[in-house]
Amino acid sequence: TDKEWETSVGIKVKIQSQLSLHIHSTGQGSISIFESSGSGNLQTSVEVGGASRVQVEAPEAAFVSTKLNLKTGVKTDSTVQLGSKLNACVIMSSDNISLNLDLESRKWRTSKQLIVPGLTWNLNKKNNEVCSMFSKTG
């Protein structure tokens with residue numbers, strides 16, 4: 001989005017914003033007919049990013065610009081093993097959330113950054129047991 005207008009007293013206002021979405025998925029699988037087993041894994045990630053800027057300018061006077069950036073993402077790793085029974089392990093995690101804020105005028109500029117660390121979600125006890133089993137055999 002890119003919008004710009006001017007008021008009747010000569011103040012110019014400009015707004016710019018953008019949003020991006022990226023989805024990436026990869027996987028592989030294998031099957032053994034002789035052992036009646038198989039395994040596979042899938043990795044999927046979703047990233048979201050965006051920026052917004054507001055600029056206000058008065059004739060021969062003040063100029064203020066604000067810019068805000070945001071970036072984060074979510075990842076899922078899935079592993080499946082087939083044999084005498086089906087076992088599946090799902091690990092979900094998030095990227096860091098990064099937020100940048102810039103304020104600017106003709107005479108000064110300041111910038112702040114906030115980062116919230118990513119995390120891994122504990123889905124349930126059974127999922128944890130299966131994931132532990134996979135890490136011992138893999």
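Throughout this passage, a residue is called buried under 20% relative accessible area, exposed over 50%, and partly exposed in between, with a 1.4 Å probe and protein chains only. The structure is a predicted model, in which local features need pLDDT of at least 70 and side-chain atom pairs count only at pLDDT 80 or more, while totals for chains, interfaces and linings use all residues. Residues are numbered from 1 along each chain as its sequence is written, and side-chain values use heavy atoms, with hydrogens and water left out.

We may begin with Q55, a residue of strand β3, which spans residues 37-57; helices (H or I, at least four residues) and strands (E, at least two) are DSSP runs, numbered from the N terminus. Q55 counts as buried because its relative accessibility is 19%. The side chain of Q55 is joined to that of R53 by a polar contact of 3.2 Å. Such a contact is a pair of N or O atoms within 3.5 Å; within protein, one must be able to donate a hydrogen and the other to accept it, and residues adjacent in sequence count only if both atoms are side-chain atoms.

A search of the whole structure finds one. This link is formed by C89 and C131, whose sulfur atoms lie 1.9 Å apart. Because C89 belongs to strand β5 (residues 87-94) and C131 to helix α1 (residues 125-137), the pair ties together parts that are 42 residues apart in sequence. The link of C89 and C131 is right-handed, with 100° about the S-S bond. Both ends are buried: C89 has a relative accessibility of 5%, and C131 has a relative accessible area of 15%.

Salt bridges, in which a side-chain nitrogen of Lys or Arg is within 4 Å of a carboxyl oxygen of Asp or Glu, number two in the whole structure. One of them pairs D95 with K75, the closest N and O atoms being 3.4 Å apart. This pair links distant parts of the chain, with D95 in the loop between β5 and β6 and K75 in strand β4, 20 residues apart. D95 is partly exposed at 22% relative accessibility, and K75 is partly exposed at 37%. The side chains of D102 and R109 also meet in a salt bridge, at 3.8 Å from N to O. Here D102 is buried at 14% relative accessibility, whereas R109 is exposed, with a relative accessible area of 58%.

Strand β4 also holds T76, which is partly exposed with a relative accessible area of 22%. Leaving aside neighbours within four places in sequence, T76 is in contact (heavy atoms within 4.5 Å) with L42, Q43, T44, V90, I91 and M92. T76 and T120, 44 residues apart in sequence, are separated by 9.8 Å from C-alpha to C-alpha.

Finally, the surface carries a nonpolar patch formed by L68, L70, I97, L99, L101, L114 and V116, with about 520 Å² of accessible area together. The elements giving two or more residues to this patch are β4 (63-82), β6 (97-105) and β7 (109-116), and the largest share, three residues, comes from β6. Patches are made of residues with over 30% relative accessible area and no salt bridge; like charges are joined within 9 Å, and nonpolar side chains (Val, Leu, Ile, Met, Phe, Trp, Tyr) within 5 Å. Accessible areas come from the Shrake-Rupley method with a 1.4 Å probe, and for residues only the protein chains shown count as cover. V116, in strand β7, counts as partly exposed at 39% relative accessibility.

Notes:
Disulfide = S-S within 2.5 Å.
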